[in-house]
Amino acid sequence: MFPVHRDSPENNPSIPFAFSAENAKRAAQIIARYPPQYKKAAVIPLLHVGQKQLGWTSISVMNEVARLLEMPPMRVYEVATFYTMFNREPVGKYFLQVCTTTPCEVCGVEEVLDAIKRELGVEVGGTTEDGMFTLVEVECAGACVNAPEDLTPESAVALIKDLRAGKTPKAGPQSKRDSCEPAHGLTSLTGEPPGPGFRVRSDL
């Protein structure tokens, strides 16, 4: 997504946005964490609250954050366009982010991504016609040890089908792993851990 805003019928400054009563209270609590002269430091958490409320970060969300923090709107735009976790266009109910950086790439993520695209009928950056799924590529998701995020083409498609059916998929690895242990079983730390004093000099 390019760091440029283009007015559209669903995203332009004339569309009003205001925090809900609950989120307005939350915003006030966040702003109160900072000295008055530094309250603009709350820009990222307030943008996050706005995105959670609306589902994405529209230009009107940015303008409301600028108003609350008494910042030039351009300063808020600079933040929102720098961080890719702020979605500046509407996204689907399920936002599928597929890591395609080196560890996942060498472990077969292209096949996983192709399977997802076929199942959804969209390309990367697209949203399904029913508005349920948006598919994007992302940089490292921090799960390199389980690359490609413990998914196979088959398990990725199964996840999508479960979501379509209103089911809640199993959280965490989609393989038989519980966390980040080796895929083919433990190769170390297979016995009982030694007790206190292990390898400590007897005269100490």
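**Helix packing, backbone features and a pocket**

Helix 3 and helix 4 are oblique to each other, a class that holds the angles left over once those under 35 degrees are counted as roughly parallel, over 145 as roughly antiparallel and 65 to 115 as roughly perpendicular. The model is predicted, so that local features need pLDDT of at least 70 and side-chain atom pairs count only at pLDDT 80 or more, while totals for chains, interfaces and linings use all residues. Residues are numbered from 1 along each chain as its sequence is written, and side-chain values use heavy atoms, with hydrogens and water left out.

The axes of helix 3 (residues 59-69) and helix 4 (residues 73-82) cross at roughly 125° and come within 9 Å. Axes here are lines fitted to C-alpha atoms, for helices over the stretch in contact, and angles run from 0 to 180 degrees between N-to-C directions. Helices (H or I, at least four residues) and strands (E, at least two) are DSSP runs, numbered from the N terminus. The crossing of helix 3 and helix 4 is right-handed; a crossing has this hand if the near helix is turned clockwise from the far one by less than a right angle, and is left-handed if anticlockwise. Helix 3 contributes I59, M62, N63, V65 and A66 to the contact, and helix 4 contributes P73, V76, Y77 and A80, where contact means heavy atoms within 4.5 Å. These residues comprise 8 nonpolar, 1 polar and no charged; Ala, Val, Leu, Ile, Met, Phe, Trp, Tyr, Cys and Pro count as nonpolar, Asp, Glu, Lys and Arg as charged, and the others, Gly among them, as polar.

V43, I44 and L47 of helix 2 are in contact with V76, V79 and A80 of helix 4, a set with 6 nonpolar, no polar and no charged residues.

For helix 1 (residues 21-31) and helix 2 (residues 43-54), the axes come within 10 Å and cross at roughly 170°, so helix 1 is roughly antiparallel to helix 2. Their crossing is right-handed. N23, R26, A27, I30 and I31 of helix 1 face P45, L46, V49 and Q53 of helix 2 in this contact, whose residues divide into 6 nonpolar, 2 polar and 1 charged.

A cis peptide bond, with omega about -5°, joins A147 and P148. P148 belongs to the loop between strand 2 (133-138) and helix 7. Most residues other than glycine have a negative phi, and most peptide bonds are trans.

The second largest pocket holds about 330 Å³ of space. Its lining has 17 residues, of which L96, Q97, E149, L151 and L159 are the closest to its centre. Strand 1 (94-99), helix 6 (109-120) and helix 7 (153-164) are the elements that give two or more residues to this lining. The lining divides into 13 nonpolar, 3 polar and 1 charged residues. On a 1 Å grid over the protein atoms alone, a pocket is an open set of points where a 1.4 Å probe fits, with protein on both sides within 12 Å along at least five of seven lines, and lining residues have an atom within 4 Å of a point. Grid points are joined across faces, edges and corners, and the volume is the space filled by probe spheres set on the points.
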